[in-house]
Each structure stands twice: as C-alpha cells, then as structure tokens.
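This report concerns the aromatic contacts and the surface of the structure shown below.

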Amino acid sequence: MRSARPVGLFLAAAAAVLWAVNLTVLQPLTEPIGPWSENLPGNNTYWARDLRFVAILGVVLGLVLAGRGDRRWSAPAVLLGGGWVAADLALDRSDPTGAESTVLLAAAGCGLLAALATLLALVERRRPGAVGQPADPAWQRALIVAACVAGVSTMVAAGIESPTDREPELHPAAFATAALLAALTIGCALAAAPSVTRARGWLAVGLGAATVLGIGLVRAVPPGPRALPEVTLGAVLLTGVTLLAWRWPGGRPAWARHALAAVAALIGPMAMLLLVGIFMIILRVGAPFTALAGNSPIHAADSDILISLAGLLVGLGMGLLLAWLPALAAAPAQATRPTRPIS
C-alpha cells in the first residue's frame with residue numbers, strides 16, 4: 001500500500017491529539033475528591049486512563065504502519081510508547097487542565113512524533129533496500145500482529161465503561177478512540193496484503209463502514225447487554241483482517257480458512273480477555289499505575305485492572321495466531337489469476 005506512510009503518520013498524530021484532550025479534559029472528571037476511605041473509587045473509575053493508554057497504543061501502531069512493518073520503525077515505536085506512558089503518569093500526577101494545556105500537549109506530542117518519523121526516514125534512506133515490501137513474510141507478520149492488536153483494542157475501547165456510564169463525555173471519547181483504532185486495523189491489514197487490488201479496496205471500505213456502525217451500536221447498548229455486540233464487533237473486524245491481509249489463491253479468498261479464522265475471532269478474544277482479566281484482578285495490575293499518577297486507590301472490595309493492557313495482550317495473542325496462517329497457506333505453489341491493481 002503506497003499510502004501507508006502518510007496514513008500511518010496522520011493516524012498517529014490524531015491519536016496524540018486524542019491523548020492530549022483526554023489528559024486535560026477527561027481525566028480531571030474521573031478523579032474523586034476526598035481521601036476518606038469510605039469514598040475510595042470503585043471499578044472502572046479511571047476509564048479516561050484506559051482510553052488514553054489505548055490512544056498511546058494508536059501512536060505506536062501508526063508508526064508501525066508508516067514503516068510498513070519494518071523493525072527499524074517498529075522497535076523505536078515501541079520504545080516511544082513506553083516512554084509516552086511514563087510521561088503520561090508524570091503529567092497525570094501534575095493534573096494539567098485548560099485549553100492552553102491541551103494545545104501545548106497536543107503540539108508536543110505531534111512534534112515528537114514528527115521528529116522521530118523524520119529521523120527514521122533519514123536513516124532509512126541511508127540504508128539499501130526498500131521498506132515494507134509485501135514479499136517479505138516478516139514484515140507481513142508484523143503488520144498482521146499490529147492489525148490484530150488494533151482490532152482487539154477497538155473492541156475494548158468501544159465497550160469501555162464507567163461506574164455510572166452516564167458521563168456525557170464518555171460516549172464520544174470512546175467512539176472516537178475506537179474509530180481511530182479501527183482505521184489502524186484496516187490500514188495495517190491492507191499494508192500486509194500481497195497486493196492491494198480493487199476487490200480488497202472495496203472490502204476495506206465495507207469493513208470500515210460496518211465497523212463504525214458496530215461501534216455506534218456498542219455504545220448505544222447499556223453496559224449489561226453490551227457484551228454480545230462487542231464480541232460481534234471484534235469477530236467481524238478480526239475476520240476482516242484475514243480477508244484483507246491473507247493471500248487469495250486463484251484470485252479469490254480461501255473461504256474455508258477464513259471460516260476457521262472467523263470462529264477463532266469469535267471465541268478467542270473474549271476467552272483470552274476473561275483469562276487475562278482474572279489474573280489482573282488477582283494481581284491488581286492497575287494499582288501501581290494509579291499510585292504513580294497520584295490518584296486515589298481503588299477500594300479493596302473492587303478491582304483495579306487495566307483493560308487497555310488486557311486488550312494489548314489479547315491482541316498480541318490473536319496476532320500470533322492469525323499471522324502464521326498466511327505463511328502456511330502460501331506454502332504450496334498455486335497458479336493465481338491476475339487481478340487489476342487500484343489505479
């Protein structure tokens with residue numbers, strides 16, 4: 001996909017802006033007032049933090065897409081994400097608010113992103129070989145893993161809850177973050193495709209439209225019955241990743257393999273999220289992040305988990321599962337019908 005670099009950088013910059021708005025506008029709304037033990041917050045109190053961490057993940061995935069899966073872009077992107085989370089915790093502790101802070105942090109995030117992208121592009125030009133050629137299976141696998149991480153994170157962001165679920169800012173923030181991750185999912189899947197044909201292009205458009213409608217449906221449903229549309233959203237998106245990124249023997253999808261992928265996409269994410277969530281509840285994984293940010297700890301009767309981290313881990317698991325199947329499918333040599341590329 002020739003437009004992978006500008007699209008990836010644009011989506012990464014959009015994620016940086018969402019992060020800045022979240023930190024300065026949404027985070028102060030989630031912090032309870034008063035240190036008294038009877039007023040300690042409960043489950044899902046720090047929903048803005050999870051949305052913000054998902055936005056930081058969007059910055060990382062945008063850089064991976066811009067580098068078309070090349071580890072010379074992916075490794076610095078992961079390091080940037082780790083440093084960004086550390087900076088987020090420090091800034092959260094200082095409680096920045098107001099329009100000036102929002103603009104300053106958004107500009108700083110976009111400036112850092114632009115500086116790193118410029119440096120990586122300069123290093124790339126000094127080394128031989130093109131970046132992100134679809135013939136390289138390592139780049140293809142990296143992009144499919146990135147697409148799966150973005151896909152599961154889309155599902156997580158779309159279904160995120162708060163203690164009351166009545167905050168007027170929660171629904172638009174969750175919708176915008178999930179839509180951004182969905183765009184990254186489709187972009188990474190297209191960049192991993194052996195060739196971007198007209199059929200794959202129309203498939204990407206249809207998948208994008210269905211995903212946006214799915215995110216809206218998830219947000220329109222109350223938290224209790226939200227699990228079913230959330231699972232369906234994840235299954236559609238991850239199955240779409242395989243349709244976009246896997247090879248098409250004979251010029252058309254291998255429907256039997258995609259049917260197996262659909263079953264895995266329907267069962268795998270929720271099963272993994274449940275398992276990871278249990279471990280996070282036992283270990284109280286979110287407590288150190290809450291303490292480092294200087295926020296009130298979650299009540300002992302409730303759980304302090306990071307649903308954003310759970311989405312990342314489950315996305316990696318689904319990526320490792322779905323990224324190896326295309327290599328197996330491409331092993332036997334088969335005649336392929338020529339397809340007309342998008343002009």
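Phe289 is partly exposed, with a relative accessibility of 22%, whereas Phe53 is buried at 10% (buried: under 20% relative accessible area; exposed: over 50%; partly exposed: in between; 1.4 Å probe, protein chains only). The model is predicted: local features need pLDDT of at least 70, side-chain atom pairs count only at pLDDT 80 or more, and totals for chains, interfaces and linings use all residues. Residues are numbered from 1 along each chain as its sequence is written, and side-chain values use heavy atoms, with hydrogens and water left out.

The ring centres of Phe53 and Phe289 lie 6.0 Å apart with the planes at 65 degrees, so the pair is edge-to-face (rings of Phe, Tyr and Trp, the last by its six-membered ring, pair if their centres lie within 6.5 Å; planes under 30 degrees apart are stacked, over 60 edge-to-face, the rest tilted). Phe53 belongs to helix H2 (residues 47-66) and Phe289 to helix H10 (residues 286-292), 236 residues apart (helices are DSSP runs of H or I, at least four residues, and strands of E, at least two, numbered from the N terminus).

The structure holds two aromatic pairs. One of them, Trp19 with Trp84, is edge-to-face, at 5.4 Å centre to centre and 90 degrees between the planes. Because Trp19 lies in helix H1 (residues 4-30) and Trp84 in helix H3 (residues 71-94), this pair ties together parts 65 residues apart in sequence. Trp19 is buried at 4% relative accessible area, and Trp84 is buried at 6%.

## A charge over a ring

The charged end of Arg200 sits over the ring of Trp248, 4.3 Å from its centre (criterion: NZ of Lys or CZ of Arg within 6 Å of the ring centre and within 35 degrees of the ring normal).
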